[in-house]
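Please open the structure in your viewer and keep the selection panel to hand. The tour goes from one selection to the next and says what is there.

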Amino acid sequence: MASHSAKLDTETLWGGKESPFQTSYGKLMMWFFLVSDALTFSGLLIAYGFTRHDTLESWPIGEETFNSLPVLGHGYPLIYVALMTFILIVSSVTMVLAVEAGHRMDKKGVVKWMIATIIGGFFFLGSQAWEWSHFIHGSEFGKVELADGSQAIVKGHFGEIESFTVIEAGSHHKEGDIVKEDLMHTFQHAAEKGHINNGIIELHDGSKATIKKQKDEHLKLIIKKDGKSYTVGKEIEGKKAEDLYYNAIFSGEENRVIYGANLNKNEYGPQQYGQFFFFITGFHGFHVFSGVLINILILIGVMRGVYHKRGHYEMVEKTGLYWHFVDLVWVFVFTFFYLI
Amino acid sequence: MKRDDLIEYSLNGHHSDDEGKLIRKKILKVTVLLTAITVLEVALGAYIKQSSGAWPYVKWSFVALTLLKAGYIVMVFMHLGDEKKWLRNVVLIPYALFILYLIFIALCEALAVGDAWMGA
């Protein structure tokens, strides 16, 4: 290091001494910030692992929980999350190309690759919004509590609901009315509240109606919590599965079925699962969001020529460090939340 | 206010067009590798059930592949591999110390809590 000090005049040195790592102050501090942020994320993921290991209920399995694609529907295990991972990796690559262009003082290159990075970031955020929405709304079948007290998730194709035929008037519908709107939502709401009794559904206005529904196909129950007759991991198919499922949701009892997820309950597994999902992916998503904002600010600086005048594009390198870090965190979230 | 960072340090990263070509080649190589690892992980996750006998091996290979991916991102994309040795150490060593300790203590605690629940 001594050899270096010859070419640096004391006025420009950090408080009169040479930088310990021959790195600029900003970059060093960015690294220290990233270390602290990495500790936070590691803490969250380790807490997730801890909870997962000492929960007696069976924990949801990634490829069973996340198996949907927009438009195409179910049956595509993990493809969507893999796509999100790929988007983030690509945007990390475009970022490193922007940094590389900066090292050659190639302003046009920096602008081009930073715009690509920002677009990638928006794509990722959009994907995450879809995934959250899907997670919150849940599946068509929900998680059901069977007669013996066990809980099961349900796989298969849900037969479409065609209509409700009112058989007892309420404050809005008359007898003989045929309801054709908002069927799925009404059905799930009534099932959760225990407003379906022996196939007769009670609608919002207090009227009662019969349900016309197509037959479900390939119905399969997978037990996730022990009951008197069934234990975790047991799979039930066919007529028996159908009977068990519809006996439960048509029982007229509240909370026999749960659709989707919120902070108190979720259809996928233990209560904490939803909370960890929202917190970890949410905290990461917030990092992506702020990363996109910072990238936009730096892009504006690049376009105005601020860094070109300064003689180096180190600001792009620093925001790049943050952006790569966000990608790095996702690599771990992807493994520990979705794969294992 | 006078800027307190050294422009010499910030210029360290500069390179020529020819060097740039080599660096871009390396970036492309790492990109292909990261994508291939992700595809492999998804394939393993989708086709090997958690109930199967091979699962423990798959699980640990996920961890190994993830660490490999993380290594490439940190060393190549974040250029930590090109920094001074002690900058690298000052970032990695404190992190590793804290996290290894946290993993150790969390595993011990999880076993204790699990035993307490199972015993009850």
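Some notes on reading come before the selections. Residues are numbered from 1 along each chain as its sequence is written, while chains are lettered from A and ligands numbered from 1 in the order in which they are written. This is a predicted model, in which local features need pLDDT of at least 70 and side-chain atom pairs count only at pLDDT 80 or more, whereas totals for chains, interfaces and linings use all residues. Helices (H or I, at least four residues) and strands (E, at least two) are DSSP runs, numbered from the N terminus. Two strands pair if DSSP finds at least two bridges between them.

**Stop 1**

Now select strand 4 (residues 151-157) and strand 10 of chain A, an antiparallel pair with six bridges. A:Gln151 is opposite A:Lys225 of strand 10, and A:Ala152 is opposite A:Ile223 of strand 10. Strand 10 also pairs with strand 11 of chain A, in the antiparallel sense and over three bridges. There, A:Leu221 has A:Ile236 of strand 11 as its bridge partner.

**Stop 1: A:Lys228**

Select A:Lys228, in the loop between strand 10 (217-225) and strand 11 (235-237) of chain A. Is A:Lys228 buried or exposed? A:Lys228 is exposed, because 10 other C-beta atoms lie within 10 Å. A residue is buried with 20 or more other C-beta atoms within 10 Å of its own, exposed with 12 or fewer, and partly exposed in between; C-beta atoms are placed from the backbone.

Beyond its neighbours within four places in sequence, A:Lys228 is in contact (C-beta atoms, placed from the backbone, within 7 Å) with A:Asp148 and A:Gly149. For a distance across the chain, pick A:Leu321, 93 residues away along the chain: its C-alpha atom and that of A:Lys228 are separated by 54 Å.

**Stop 2: the other sheet**

Next, select the five strands of chain A that form an open antiparallel sheet in the order 6-5-9-8-7. Strand 6 (178-179) and strand 7 (196-197) of chain A are at the edges with a single partner strand each, so one side of each lacks a neighbour in the sheet. Strand 7 and strand 8 (residues 200-202) of chain A run antiparallel and are joined by two bridges. A:Asn197 is opposite A:Ile200 of strand 8.

Helix 6 (residues 183-193) of chain A lies across strand 5 (161-168), strand 7 and strand 8 of chain A, at about 60 degrees to strand 5.

**Stop 3: the domains**

Colour chain A by its domain assignment, which gives domain 1 (20-138 + 273-339) and domain 2 (147-259); the bounds come from an automatic or database domain assignment. The centres of the two domains, taken over C-alpha atoms, are 40 Å apart.

**Stop 4: the cores**

A nonpolar core is a set of buried Ala, Val, Leu, Ile, Met, Phe, Trp, Tyr and Cys residues joined through C-beta atoms within 7 Å. The largest has 68 residues, of which A:Val81, A:Ala98, A:Val110, A:Val316, A:Val333 and A:Phe334 touch the most other members. Helix 10 of chain A gives the most to this core, with 17 residues. A second, separate core of 27 residues includes A:Val166, A:Ala190, A:Ala209 and A:Tyr259.

Select A:Tyr322, in helix 10 of chain A. A:Tyr322 is partly exposed, with 19 other C-beta atoms within 10 Å.

**Stop 5: between the chains**

Finally, show both chains: 51 residues of chain B are in contact with 52 residues of chain A. Helix 4 of chain B gives the most to the side of chain B that touches chain A, with 15 residues.

Technical notes. Two residues are in contact if their C-beta atoms, placed from the backbone, lie within 7 Å. Axes are lines fitted to C-alpha atoms, for helices over the stretch in contact, and angles run from 0 to 180 degrees between N-to-C directions.
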